[in-house]
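Hi,

Here is the structure I said I would pass on to you.

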Amino acid sequence: MRHGLPVLEDSENSNMIEETVFMAPISQLRSWSFISELAGYEHWHPHYRFGRLNAQATHAQLSFRLFDWRRVRLWVEIDNINKPQGFGWRGQISSFFKFSERYEILPAKTGSEVRHVFEIRGGLGNISGWLSRRTIREEMQEHDFALLKALKKRALRPPHGKTQLKLVSTAPTRGSAND
C-alpha cells in the first residue's frame with residue numbers, strides 16, 4: 001500500500017499485478033533476513049507454510065489456501081535472492097496458472113520500505129486473478145499486516161549475535177555494609 005492505497009498495474013501481456021508498500025521499523029538487512037527465512041513463515045504468516053528445501057535451496061515446498069477454499073501444495077522456485085534488496089519465488093499450478101511473489105526492500109530513515117508484489121500469469125490465472133482481485137488485495141493486506149506486526153516484535157529485540165546491555169547497580173546491597 002503506497003500511502004495506504006494499493007497500486008494496481010496491468011501490463012501489456014495482461015498479467016494481473018497487485019502491489020502494496022509499507023514501512024518496517026527495522027533495517028533493510030534485518031527485514032530481508034526475516035522475510036527470507038522460509039521456515040519462520042509458520043510463526044507469522046496467516047496462510048503460507050514452507051516445507052522442505054532442495055539441497056541447493058533453489059526450490060521449496062509451499063502450502064497455502066487458494067482463494068480461501070482449497071489447500072494447495074506445490075514446489076516453488078526461489079528466483080529472487082538479492083540480499084538485502086529483495087526476495088521472492090514463483091510457481092505454477094498448471095501451465096495456465098502461474099504466479100510470482102516478491103518483496104523488494106529499500107532503506108529508509110526509520111527502518112526500511114517493503115514493497116510486496118504478487119503477479120498472476122497464464123490464461124486461467126488471468127481470468128481468476130481479475131475475478132478475485134479484491135480477494136487477492138485483501139489477502140495481501142492481511143499478509144502485510146502480519147509481517148509488519150512480526151517485524152515490530154523483531155525491532156524490540158537486538159540483532160542476532162548482539163547481546164543486550166544489562167544495567168548493574170553499583171549501590172551497596174543491604175547486607176554488604178555489615179561485612
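What follows is a tour of what turned up, from the overall layout to single residues.

First, a caution: this is a predicted model, and every value below is computed from it.

**Overall layout**

The protein chain has four helices and eight strands. Starting at the N terminus, the order of elements is β-β-α-α-β-β-β-β-β-β-α-α. Of the 179 residues in the protein chain, 41% are buried. If you take the contacts between residues at least 6 apart in sequence, 51% of them join residues at least 24 apart.

**The nonpolar core**

The largest nonpolar core is made of 35 residues. Within that core, the residues with the most contacts are Tyr41, Phe50, Trp89 and Phe99. Helix H4, residues 133-156, is the biggest contributor, giving seven residues to this core.

Setting aside neighbours within four places in sequence, its contacts include Leu62, Phe64, Leu74, Val76, Trp89, Phe118 and Ile120.

**Salt bridges**

Across the whole structure, the search gives seven salt bridges.

Start with Arg137 and Glu18, whose side chains form a salt bridge at 3.5 Å, N to O. This one joins distant parts of the chain, since Arg137 is in helix H4 and Glu18 is in strand S2 (residues 16-24), 119 residues apart. Are the two partners buried or exposed? Both Arg137 and Glu18 are buried.

Next comes Arg115, which forms a salt bridge with Glu19, with 2.7 Å between the closest N and O atoms. Because Arg115 sits in strand S8 (residues 111-121) and Glu19 in strand S2, this pair ties together parts 96 residues apart in sequence. How do the partners compare in burial? Glu19 has a relative accessible area of 2%, so it counts as buried. Arg115 is at 21% relative accessibility and therefore counts as partly exposed, because the buried class stops at under 20%.

Arg115 also meets Glu104 in a salt bridge, this time at 2.3 Å, N to O. Here the link runs from strand S8, which holds Arg115, to strand S7 (residues 97-108), which holds Glu104, and the two residues are 11 apart. Glu104 has a relative accessible area of 21%, so it is partly exposed.

How many of the residues in H1 are buried? Seven of its nine are, so the helix is mostly covered. The buried ones are Gln28, Arg30, Ser31, Trp32, Phe34, Ile35 and Ser36.

Ser31 belongs to helix H1, which spans residues 28-36. With 0% relative accessibility, Ser31 counts as buried. Beyond its neighbours within four places in sequence, Ser31 is in contact with Ala24, Ile26, Ile105, Ser112 and Leu151.

Ala24, one of those contacts, lies in strand S2. Ala24 is buried as well, with a relative accessible area of 1%. Not counting residues up to four places away in sequence, Ala24 touches Ser31, Thr110, Gly111, Ser112, Val114, Leu148 and Leu151. Take Leu148 from that list: Ala24 and Leu148 are 124 residues apart in sequence, and their C-alpha atoms are 6.3 Å apart in space.

**The second largest pocket**

By type, the lining divides into seven nonpolar, two polar and one charged.

Cheers

Key. Residues are numbered from 1 along each chain as its sequence is written. This is a predicted model: local features need pLDDT of at least 70, side-chain atom pairs count only at pLDDT 80 or more; totals for chains, interfaces and linings use all residues. Side-chain values use heavy atoms; hydrogens and water are left out. Ala, Val, Leu, Ile, Met, Phe, Trp, Tyr, Cys and Pro count as nonpolar, Asp, Glu, Lys and Arg as charged, and the others, Gly among them, as polar. A nonpolar core is a set of buried Ala, Val, Leu, Ile, Met, Phe, Trp, Tyr and Cys residues joined through side-chain atoms within 4.5 Å. Buried means under 20% relative accessible area, exposed over 50%, partly exposed in between (1.4 Å probe, protein chains only). Contact means heavy atoms within 4.5 Å. A salt bridge is a side-chain nitrogen of Lys or Arg within 4 Å of a carboxyl oxygen of Asp or Glu.
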